[in-house]
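Good morning, and thank you for coming.

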Amino acid sequence: MTDRNTEATGHDDPLSAGESLALIERQHQQAQRGLEPNVVLFFGPWGVAYLLGFGAIFLTYPTALPIRLAGWAAAVVTAVLFASAVVITAVTGARAGRGLRGPSQAAGIMYGWSWTLGFSALTAVNLGVTRLGLPDEAVTLLWSGSSLLLVGVLYLGGGALFQDRFQYGLGVWMLVSGACSVFAGVPGNFAVVALAGGGGLLLTAGYFVLRQCRPAVAA
Amino acid sequence: MSATGVAPEVMPELDPVIHAQARLRVTVALAALAAGDQITFPRLQQLLEMSAGNLSTHLRKLEDAGYVQLTKTHQRRTPVTYISLTRAGRRALEDYTVALRMLLTPPTEQPGG
């Protein structure tokens, strides 16, 4: 409240040592919250997209489950969810970087672009290989396996860049999920990507929610 | 917690530039940026919820002390001011924090004091 008074009167009453330390701690946390992107939005929307999108694709195949989705319905669900995740991630990153420049910004922007560049190259490689004539099942497994491999590697990089072991762990988990998806065959690969991939992303989002809610540690 | 009641007069070694609420808040907010990173005036203003006039005044005092660096530039023909804490500013905040801690827990020979 004292800082509000300062704001109003434009004059500073000197603080005691204890009050100053408390102000430093409060202001530090407020600044960090205001500067950092809400990382939950980097993982949550993707977790939902993986779980429901790939889950929907899984349900277009004849499975033991009583539900069967039409191909077009699953395609629409998946497209909408992934487009939303792309937009949410891009907007979150751009908002956090507003009015900032310097080495951290440059690193963040380069990391963001590595997703776009990586997936562009992956699409080109997979389309090029597919052109040679592969069985449908191989094409499907190529996409799920290579996509999760790239996602895993990018999370390893993100974990290293942002010094975040949990994100690094997610990268390892995605690598394992990608490999398992190929061996699961079709349509099991979609179940693996939806449950293991989406689950890992949602778990990571949950971890960041908890970390944000954690009560501030006093100085 | 009798220490929190320490009067300002008994803290002669505290840096007067930082030992003012508004400038302390500005310095702490700028210290939250990584070394080498800069922030625009409007974003800093939003972060601190301060009026533009108030923030300008305090930034000028911090700049005069060599604690803050203001870089004026243009982005799409609009003038933009980037602000960052200098090495001296970061050091001053560290020293200030250490001094506060020492005032709260004066070094004593007595165990448990």
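**Helix packing and the chain contact**

In chain B, α1(B) passes α4(B) in a left-handed crossing; a crossing is left-handed if the near helix is turned anticlockwise from the far one by less than a right angle, and right-handed if clockwise. Helices here are DSSP runs of H or I of at least four residues, strands are runs of E of at least two, and both are numbered from the N terminus.

Before going further, please note that this is a predicted model, in which local features need pLDDT of at least 70, side-chain atom pairs count only at pLDDT 80 or more, and totals for chains, interfaces and linings use all residues. Residues are numbered from 1 along each chain as its sequence is written, chains are lettered from A and ligands numbered from 1 in the order in which they are written, and side-chain values use heavy atoms, with hydrogens and water left out.

Let me return to the pair in chain B. Helix α1 covers residues 21–31 and helix α4 residues 87–104; they pack at an angle of about 115°, with their axes 10 Å apart. Axes are lines fitted to C-alpha atoms, for helices over the stretch in contact, and angles run from 0 to 180 degrees between N-to-C directions. The two helices are therefore roughly perpendicular to each other; the classes are roughly parallel under 35 degrees, roughly antiparallel over 145, roughly perpendicular from 65 to 115, and oblique for the rest. On the α1(B) side, the contact includes L24(B) and V28(B), and on the α4(B) side it includes L93(B) and Y96(B). Contact means heavy atoms within 4.5 Å.

As for the chains as a whole, 35 residues of chain A are in contact with 39 residues of chain B. The area buried between them is about 3200 Å², of which carbon and sulfur atoms give 55%; buried area is the accessible area (1.4 Å probe) that two parts lose on being put together, summed over both. The count of salt bridges between chain A and chain B is 0, where a salt bridge is a side-chain nitrogen of Lys or Arg within 4 Å of a carboxyl oxygen of Asp or Glu.

Finally, two loops of chain A. A cis peptide bond joins V186(A) and P187(A), with omega about 5°, and P187(A) lies in the loop between α7 (165–184) and α8. Q163(A), in the loop between α6 (136–161) and α7, has a positive phi of about 50° although it is not a glycine.
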